[in-house]
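Please look at the sequence and the structure below before reading on.

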Amino acid sequence: GRSRCFALWQEFSKCYANADSPAQCILQSEDYLECLHHTKEIARARTVKAHFVQKQLHEGKEGRKVADILSEGVIVGVGLIGGDK
């Protein structure tokens with residue numbers, strides 16, 4: 001079958017074929033590259049995890065050990081994708 005990013009590749013190549021300059025297709029290029037490599041998604045997940053750890057460390061100063069907090073506090077998901085409706 002087709003790859004998960006095939007539709008984005010088609011949009012990019014269509015734009016590139018019809019554009020006067022490649023700079024006109026920057027948004028399509030970024031979407032396609034994000035689909036392939038997930039760089040923005042990974043950076044966002046790291047930021048969320050860093051904030052989570054900082055919050056847990058701050059709460060840890062109230063008496064619990066940091067290792068206990070981190071072992072209990074697992075980030076399962078942000079809740080942006082899926083879900084039964």
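At what angle do α1 and α2 pack, and how far apart are their axes? Helix α1 (residues 6-18) and helix α2 (residues 26-37) pack at about 155 degrees, with their axes 9 Å apart. The model is a predicted one: local features need pLDDT of at least 70, side-chain atom pairs count only at pLDDT 80 or more, and totals for chains, interfaces and linings use all residues. Residues are numbered from 1 along each chain as its sequence is written, and side-chain values use heavy atoms, with hydrogens and water left out.

**Overall fold**

- The chain has four helices and zero strands; helices (H or I, at least four residues) and strands (E, at least two) are DSSP runs, numbered from the N terminus.
- Along the sequence the pattern reads α-α-α-α.
- Of the 85 residues, 12% count as buried; buried means under 20% relative accessible area, exposed means over 50%, and partly exposed lies in between (1.4 Å probe, protein chains only).
- Contact means heavy atoms within 4.5 Å. Among contacts between residues at least 6 apart in sequence, 28% join residues at least 24 apart.

**Packing of α1 and α2**

- Two packed helices are described by the angle between their axes and the distance between the axes. Axes are lines fitted to C-alpha atoms, for helices over the stretch in contact, and angles run from 0 to 180 degrees between N-to-C directions.
- The two helices α1 and α2 are therefore roughly antiparallel. Angles under 35 degrees count as roughly parallel, over 145 as roughly antiparallel, 65 to 115 as roughly perpendicular and the rest as oblique.
- The crossing of α1 past α2 is left-handed; this term applies if the near helix is turned anticlockwise from the far one by less than a right angle, and right-handed applies if clockwise.
- On the α1 side the contact is made by Leu8, Trp9, Glu11, Phe12 and Cys15, and on the α2 side by Gln28, Ser29, Asp31, Tyr32 and Cys35.
- By class, this contact of α1 with α2 has six nonpolar, two polar and two charged residues. Ala, Val, Leu, Ile, Met, Phe, Trp, Tyr, Cys and Pro count as nonpolar, Asp, Glu, Lys and Arg as charged, and the others, Gly among them, as polar.
- Leu27, in helix α2, is exposed at 61% relative accessibility. Leu27 and Phe12 are 15 residues apart in sequence and 8.6 Å apart in space, C-alpha to C-alpha.

**Aromatic side chains**

- Three aromatic pairs turn up in a search of the whole structure. Rings of Phe, Tyr and Trp (its six-membered ring) pair if their centres lie within 6.5 Å; planes under 30 degrees apart count as stacked, over 60 as edge-to-face and the rest as tilted.
- One of the pairs is Trp9 with Phe12, which is tilted, at 5.7 Å centre to centre and 50 degrees between the planes. Trp9 and Phe12 are about one helical turn apart because three residues separate their positions in α1.
- Trp9 is partly exposed, with a relative accessible area of 37%, whereas Phe12 is buried at 17%.
- Phe12 also pairs with Tyr16: the centres are 5.8 Å apart and the planes are at 35 degrees, so this pair is tilted too. Phe12 and Tyr16 are four residues apart in α1, about one turn of the helix.
- Tyr16 is partly exposed, with a relative accessible area of 48%.
- Trp9, Phe12, Tyr16 and Tyr32 form one aromatic cluster.

- The axes of α2 and helix α3 (residues 39-60) come within 6 Å and cross at roughly 65 degrees.
- Glu30, Glu34 and His37 of α2 meet Thr39, Lys40, Glu41 and Ile42 of α3. One nonpolar, two polar and four charged residues make up this contact of α2 with α3.
- Glu30 is partly exposed, with a relative accessible area of 37%. Glu30 and Leu8 are 22 residues apart in sequence and 9.7 Å apart in space, C-alpha to C-alpha.
- His38 lies in the loop between α2 and α3 and is partly exposed at 28% relative accessibility.
- The phi of His38 is near 55 degrees, a positive value in a residue other than glycine. Most residues other than glycine have a negative phi.
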